[in-house]
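Subject: Structure handover

Hello,

My notes on what turned up follow below it.

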Amino acid sequence: MTDDVLFLSRDQVAALLDTGTAIASQRAAFGALGAGGASAPDLPGKIMHPSRFDDSVVFAYVSRLSRDTGAVAKFGSVNPGNAAAGLPTVHAVITVLDPVTGELAAVMDGTAVTTLRTAAASAVAFDALATADSAELALLGSGTQALAHARAVARVRDLKVVRVWSPTPERRARAAELIAAELGVAAEATGTPQEAVTGASLVAACTLSTTAVVRGAWLAPGCTVVSVGSFEPTRSEVDAGVVRRAAAVVVDDPETAAEHAGPVVAALRDGLLARADLIGLGSVLTGARTARTGPDDIVFYNSVGLGVQDAAAAWAVVDAARRATR
């Protein structure tokens, strides 16, 4: 191991990977995926292993973004019980290897990377899929990931209103206060998820719910729905009505989604979707596929997370750290 290996804490990662940089990294990740330029194990290139002992899930990813960036591996766990203690539900560590020699180049906190790259990817999806005048955001969830989503979406749309719902009144009220203060937009906590979603043009579901918190019957024409908590077959933040009403179902990777994304797995099983119906976000970004065809279309994006996202974000952190030390 060389002496110039970077060891980066959560605070250091957060300082180096600002929202704009994170969004740029995810555009690069999905652009490379859509163009066939990223390298990963045969997709679905991820491990998701539910615990036998509790409701936690261990996960692992490995990928390489390009010839100029070395391999990146992430190992971590999802612990839903952390939310009640005010802790992030995802914790992870990321290792980065040199692109030429394969030597260890960096070890960094993966929790911050996961939070920031997930929200940034949702912002990329909203930017590609939502109507240009979308300005009302319904935020389901009030934790770290939900707040990161509000910040990221505000970078790609001129938000006027954010409505926040989560099961705990105190937490959703606090989240609305933080969003209003930080983003300078009108933000309010709602008593039910339906109140948050009704009339919204942008819906971001950032929970770990195993049952639907977004229902298709609530969606306004032209709405774009993003779900990041439906990352395994047993979790489904949206009901079948969302899939039925969607003019397009977009995913981070069709093969991965078909095995891991709860609403997609169910829709494929029940015949609501065929695999050919699944549109990769990278294909939309490169122009190979079209999702929205008109302003009244409802579009659904289900993300479960890919290693190439971590590879892009981790190398953005490494590059920023190296520039800072020159």
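Ser166 is buried, at a relative accessible area of 4%. The cut-off for buried is under 20%, so Ser166 qualifies. Keep in mind that this is a predicted model.

Where does Ser166 sit? Its place is the loop between β8 (161-165) and α5 (169-183). Setting aside residues up to four places away in sequence, Ser166 touches Gly141, Ser142, Arg171 and Arg172.

Next, the helix pair. Helix α2 (residues 19-35) packs against helix α3 (residues 110-129) at an angle of about 70°. Their axes are 8 Å apart. Angles of 65 to 115 degrees count as roughly perpendicular, so α2 and α3 fall in that class. Their crossing is right-handed. On the α2 side, the contact is made by Ala22, Ile23, Gln26, Arg27 and Phe30. From α3 come Leu116, Arg117, Ala120, Ala121, Ala123, Val124 and Asp127. By type, the residues of this α2 and α3 contact are eight nonpolar, one polar and three charged.

Now the cores. In soluble globular proteins, nonpolar side chains tend to be buried together. Here the largest nonpolar core has 70 residues. Val96, Met108, Leu139 and Val250 have the most contacts inside it. A second, separate core has 37 residues, including Met48, Phe59, Val225 and Val242.

Take Leu139 from the largest core. Neighbours within four places in sequence aside, Leu139 contacts Ala146, His149, Ala150, Val162, Arg163, Val164, Trp165, Ile179, Ala204 and Cys206.

Best regards

Notes. Residues are numbered from 1 along each chain as its sequence is written. This is a predicted model: local features need pLDDT of at least 70, side-chain atom pairs count only at pLDDT 80 or more; totals for chains, interfaces and linings use all residues. Side-chain values use heavy atoms; hydrogens and water are left out. Axes are lines fitted to C-alpha atoms, for helices over the stretch in contact, and angles run from 0 to 180 degrees between N-to-C directions. Helices (H or I, at least four residues) and strands (E, at least two) are DSSP runs, numbered from the N terminus. Angles under 35 degrees count as roughly parallel, over 145 as roughly antiparallel, 65 to 115 as roughly perpendicular and the rest as oblique. A crossing is left-handed if the near helix is turned anticlockwise from the far one by less than a right angle, and right-handed if clockwise. Contact means heavy atoms within 4.5 Å. Ala, Val, Leu, Ile, Met, Phe, Trp, Tyr, Cys and Pro count as nonpolar, Asp, Glu, Lys and Arg as charged, and the others, Gly among them, as polar. Buried means under 20% relative accessible area, exposed over 50%, partly exposed in between (1.4 Å probe, protein chains only). A nonpolar core is a set of buried Ala, Val, Leu, Ile, Met, Phe, Trp, Tyr and Cys residues joined through side-chain atoms within 4.5 Å.
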